[in-house]
Structure formats: structure tokens, C-alpha cells
Amino acid sequence: MIRKKILLLGDFNVGKTSLIRRYIDKTFSEKYLTTIGVKISKKEIELNHEIYEMLIWDIEGATPQKSIPQSYYNGASGAIFVADISRSDTIEGLDAHIQTFNYLNPDRPYVIAYNKIDLLNEEQQKELPNRHNAFFTSAKTDTQVEELFTHLAQEIFND
Ligand code: G3D
Ligand code: MG
């Protein structure tokens, strides 16, 4: 079985853990690395009649980006960067997260989740940021969550 490590990155409270919970079905298993406050969730995905496994890494609590241990990044095949669409500071914060990841894991695919899309009204939804590989997700209403993870998996496993 081919197994790949995927990181969830983004500011505190944007919905990283909620997206993972929404994506992972009832057969998930999880493991705690309590020493560094990282939770790893496992998810199998079928692509082109093959089963692959994603190990999805998530940091517990409010860890400032500068204090994320290098071991979190080591060996990652891809990443999901999450912002809260209703909080511009978390959108502005994306680039710093992406830069750090690109520096430590050059040329790895990633996707962006502008999460909490359910909080925007119709008017606001017409003026969404336009960015490559971006998805407008809601962990609350289950919007584009499957698509987000599947797109990244395709980029990782189909290369
Ligand atoms: P984090 O892991 O990035 O820190 P969490 O974020 O997944 O812990 O979510 C932070 C808060 O945002 C939680 O609220 C969670 O319920 C809420 N949230 C996550 N995703 C969405 C979403 O798509 N829409 C809405 N409306 N809320 C969301 P609480 O109140 O439990 O702290
Ligand atoms: Mg969390």
C-alpha cells in the first residue's frame, strides 16, 4: 500500500481539525503523538482502481507557526492550507504558511481551503478571492470537503 503524509496548515481556529473530522469517515483510526501535540488521522482513498493511504497530520491547539517542529514537515508529500474566509487576517496569513512549506518541502503539491464559506451571505460570495488550487469549503455544511482532499490526493498519487 502506498502511503503519503499530508499536512494541515493555517492559523488557529480556521477549521483545520473540523475539515479532517468531516472528511474522515467512521472507519478512521487515529494516533496521538502527544510529545509534539500532533494528531495523525488515516484515510484510504481509491484512485484508478488502486487503494492509497493518506496520513493526515494536524497540530493540536494554538501553535504559532514559528514553533512548529521541523519533524512536522519532514517527508510531507503535500499540504492543505486553511483560512477562515470571514477573517481576512487568516487569508493574509496563508502566504507565510505556504512559504515555509515550500522551503522545507520543495515542489510538493498543495491546495487551499477558504473555509467557513457558510458564514458569507450571497453578496459576499460573489467577491471571492481567485486563486490557483483553491476550494471554498465548509466543514459545517459539508461543502467541497471531499473535493478538497480528493484533488490533493490526485496530485500526489497520480504523478
Ligand atoms: P483549527 O483546528 O484550525 O484550530 P477548528 O479549527 O477545527 O478547531 O475550528 C475552530 C472553530 O470554527 C470551531 O468552533 C468550529 O466548529 C468552527 N468551524 C470550523 N469549520 C467551520 C465551518 O466551515 N463553518 C463554520 N461556521 N464554523 C466552522 P468552536 O465554536 O467549536 O470553537
Ligand atoms: Mg485544530
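Trainee: What volume does the largest pocket have?

Mentor: This is a predicted model, in which local features need pLDDT of at least 70, side-chain atom pairs count only at pLDDT 80 or more, and totals for chains, interfaces and linings use all residues. Residues are numbered from 1 along each chain as its sequence is written, chains are lettered from A and ligands numbered from 1 in the order in which they are written, and side-chain values use heavy atoms, with hydrogens and water left out. A pocket is an open set of points on a 1 Å grid over the protein atoms alone, where a 1.4 Å probe fits, with protein on both sides within 12 Å along at least five of seven lines. Points are joined across faces, edges and corners, and the volume is the space filled by probe spheres set on them. Here the largest pocket has a volume of about 300 Å³.

Trainee: Which residues that line the largest pocket are closest to its centre?

Mentor: Lining residues have an atom within 4 Å of a point. There are 21 of them, and G10, D11, F12, K16 and G61 are the closest to the centre. Helices (H or I, at least four residues) and strands (E, at least two) are DSSP runs, numbered from the N terminus. The elements giving two or more residues to this lining are β1 (2–10), α1 and β4 (50–59).

Trainee: Which residues come nearest to ligand 1?

Mentor: A residue is near a molecule if one of its heavy atoms lies within 4 Å of it. Ligand 1 has 15 residues around it, and N13, K16, S18, D118 and A139 come nearest. Helix α1 (residues 16–23) gives the largest share of this shell, three residues.

Trainee: What is 2.7 Å from a nitrogen atom of ligand 1?

Mentor: A polar contact is a pair of N or O atoms within 3.5 Å. An N or O atom in the side chain of D118 is 2.7 Å from that nitrogen. A polar backbone atom of N13 is 2.8 Å from an oxygen atom of ligand 1. N13 lies in the loop between β1 and α1, and its phi is positive, about 80°, although N13 is not a glycine.

Trainee: How many aromatic pairs does the structure hold?

Mentor: A pair of aromatic rings is described by the distance of the centres and the angle of the planes. Rings of Phe, Tyr and Trp (its six-membered ring) pair if their centres lie within 6.5 Å, and planes under 30 degrees apart count as stacked. The structure holds seven such pairs. Y52 and F157 form a stacked one, 4.4 Å centre to centre with 20° between the planes. Y52 is in strand β4 and F157 in helix α6 (residues 145–157), 105 residues apart.

Methods:
Polar contact = N/O pair within 3.5 Å; in protein donor to acceptor, adjacent residues only side chain to side chain. Phe/Tyr/Trp six-rings, centres within 6.5 Å; stacked < 30°, edge-to-face > 60°.
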